[in-house]
Each structure stands twice: as C-alpha cells, then as structure tokens.
Amino acid sequence: MLDVVVVGAGAAGAAAAFHLAARGHGVLLLEGQSMPRSKPCGGGMAASVQRWFPFDLTPVVDQVIEQVRFTWCLEDPVTAVLPGDSPFWIVQRSRLDQFISQQAVAAGAQLRDGCLVSSIQRDGDHWVVEAGAERYAARAVVVADGSQSRFAAELGLGNPRPRYARAVAVEVDADVAEPNTARFEFGLVRHGFCWAFPRRGGYSIGVGSFIGKDDLDADTVLAQLLPSLGLPADAGVRLSSPLRVWDGHHDLHRSDGAVAVGDAASLCDPFLAEGLRPALLSGVRAAEALDRWLASGAPLADYSAVMRREWGESMAWGRRIAQVFYRVPKVGYQLGIKRPTAPQRIAQILSGEMGYGDIAQRVIKRLLFQRR
C-alpha cells in the first residue's frame, strides 16, 4: 500500500511527487512516455517559482529574460524591462520535467516511465491504479495527466466542461539575435496572439487563439512571423497543442484522497497562456494538503481553497480582460499595451509580482468605454 500515486510526470506531477516524498510519504510517479520526453510549451516561467523548491532550478534554465517586446502586426513595438533580478526564465520541458522528477526520486519517490495508466478506481478505503498488467494500491492519487486529461473528468475533479484555447507550438533551431528578449505579437492572430521565446539553440514559438471558434490558420501567421525573426517561413517542427485554460472556480479535490494539478486542473492563464507557474504552484499546494490529510485527516478542501485564492481569483479577472481585449484587439493594443504603464504591468504579471485583479477594473472600463 503506497501513500500516493501520481499520474503524470510533468511539472505539476513531478513537483507534487517531490514534496510528498520529501515529507516522508511513499510515492509512486507514473509517466506514460519514456523520460526525458518533449512537451509542447513555450517554457516561460517566473523565477519566483524557485521559492517553492529547496534545490536550485537554474541548471535547467536556458535563458534569462530581461525584457518583453510587444508588437502589432510586427510593427508599432513597445518594450518593457522586467522588474527585479532575473524575473523570467525560459526552460525546455524535456529538461525541467526530468530534472524535478529526478529530485523526487532522490527524495525517495519511485519513478516508472513508459507506464501508461489505463484506470483509476476507488476500492473501499484506497485507490487502485492500473497501468498495463500492473496494479498499484494507494491511499491517495494525484491526477497530473495534462491538458488532454482523461482522469480529471472521470473523477469529478476540476471543470467538467473544460475550455480549450487553440494553439500551435513550433520549435526552431537557430541563432538567436536577442537572447534576453521575449516577444508577444498581437495583430496577426484573430482573437489571440503569437509568442517567440528564445531558448538554448533556438526559439520556442507559439500561435494561440483564445476566444471564439474560428479556425486557427497557424501556417499563414507563421509565414509572416518567422521571417521577422530572420527565419524561413516554413521553419520548425509544428505541433497542434490545445491549451486547457482557466474557466471558472471548480473543486480540484475529492474528500477521499484525489486531487488534480497542472493542466489537468485547467489552470492555464486565459489571457497570456502562462501555464508553468500555476502547474508548479498546484503541485506544491496539493502536496501540502495531502501531507496534512494523510497525517491527520485534515480536509482536502484546503487545496481547492488555496488555489482559488492564490491563482483563481486573479484568473477570473484575466478571463474578463481576455474576453474584452481579444474581441477588439487593435483597440486593446492601443489602450492596453501602448499606455505608458501598461507594458510594465504585464511584465509584473508575468514575473508573478502582480495579479490581474490589480489592473482589471481600470483596463476593462477603458476598453468598454472606447468600444462605445
């Protein structure tokens, strides 16, 4: 009988496994693919996530971002210098997920990769997790199987009708002209934006559409974006990668020992598509709640409550901003990006120093007034 089975060794699952194992619990981390494995992701995260881990994350940091550049149709640029000391990092998910998983193993967790979970069932006072011919029994289970999660809905965790942003991820190997600059382009994509993050040896590029149901013509967008970076219009390996975005407050726990974390919990930022920081946060907070639950039966509702307070309340405002901004993006760019203080505010949100609630009411009123 294990204490916890964690299903999925992404950033959220690996973080949960580490913190549970570090607290002395018997943890099994199951991953369907062989590690290390790649995952479509821009790889941007606030350096402030370091405070959640006792080990140094910088060995897997590809680039330190010092400024963010915004454009409209590749013109009209606005540049914001990020606040603080090394506030935004670029990582590759293959390296980050493997690294945190290895830290979990060093703390006492077991890791089995290439081990695809087929079912999670409650059996009396414990959970039974099946993967191939193997069956594992545990007092608790962490669902961390990503944006295409099967088990979150089956177990009644998170949003029963998750909302997806349409996205295409592109990895391009190339020389990077400005390795300290992350780019956001708002004019080329209907109801969305593009991003280009410098990584070691190239770029992680994405195209995302966040509202509406229009098709995402990523190839046409990339044919304009890539040459602006000095790249061939057809460069890169392209992969459709739907983003399971935050869309309302939902319970991320069951009282009988199941929690959802990361993309499976629909935590991705609905405005700027940030996913790594909430994934790591949820893994840490889920481990803390499960530790208390395993030790004394403390309610797992504490996990849902803390995620609502530390992430969901800001995302509720972020969703409102997105719904207004992406319907009138040109107005949004002029009023929401080009205002003297706006880029710095977005930079502070990306660095984790500020939440959407700090700016939302002023931004929404300004956009709605302009539409009239």
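This is a predicted model: local features need pLDDT of at least 70, side-chain atom pairs count only at pLDDT 80 or more; totals for chains, interfaces and linings use all residues.
## A helix tucked inside

Let's start with helix 8, which spans residues 342-350: 7 of its 9 residues are buried, so the rest of the structure largely encloses this helix.

Which residues of helix 8 are buried? They are Ala 342, Pro 343, Ile 346, Ala 347, Gln 348, Ile 349 and Leu 350. Just after helix 8 comes Gly 352, whose phi is positive, at about 85°.

## The nonpolar cores

The largest nonpolar core holds 119 residues, and the members that touch the most others in it are Ile 120 and Phe 186. Helix 5 (residues 276-296) supplies the largest share of this core, with 11 residues. There is also a second, separate core of 18 residues, and its members include Val 172, Cys 194, Tyr 203 and Leu 229. As a general point, nonpolar side chains tend to be buried together in soluble globular proteins.

What does Phe 186 contact once its neighbours within four places in sequence are left aside? Its partners are Phe 70, Thr 71, Trp 72, Gly 192, Phe 193, Phe 325, Tyr 326, Tyr 333 and Ile 337. Phe 325 in that list will come up again below.

## Aromatic pairs

The model has 20 aromatic pairs. One of them joins Phe 88 and Phe 197 edge-to-face, with 6.1 Å from centre to centre and 85° between the planes. This pair connects distant parts of the chain, since Phe 88 belongs to strand 7 (residues 88-91) and Phe 197 to strand 14 (residues 192-199), 109 residues apart.

Phe 186 and Phe 325 are both buried.

## A charge over a ring

One more side-chain arrangement deserves a look. Arg 320 lies over the face of Trp 317, at 4.7 Å from the ring centre.

Methods. Residues are numbered from 1 along each chain as its sequence is written. Side-chain values use heavy atoms; hydrogens and water are left out. A nonpolar core is a set of buried Ala, Val, Leu, Ile, Met, Phe, Trp, Tyr and Cys residues joined through side-chain atoms within 4.5 Å. Buried means under 20% relative accessible area, exposed over 50%, partly exposed in between (1.4 Å probe, protein chains only). Helices (H or I, at least four residues) and strands (E, at least two) are DSSP runs, numbered from the N terminus. Contact means heavy atoms within 4.5 Å. Rings of Phe, Tyr and Trp (its six-membered ring) pair if their centres lie within 6.5 Å; planes under 30 degrees apart count as stacked, over 60 as edge-to-face and the rest as tilted. A charge sits over a ring if NZ of Lys or CZ of Arg is within 6 Å of the ring centre and within 35 degrees of the ring normal.
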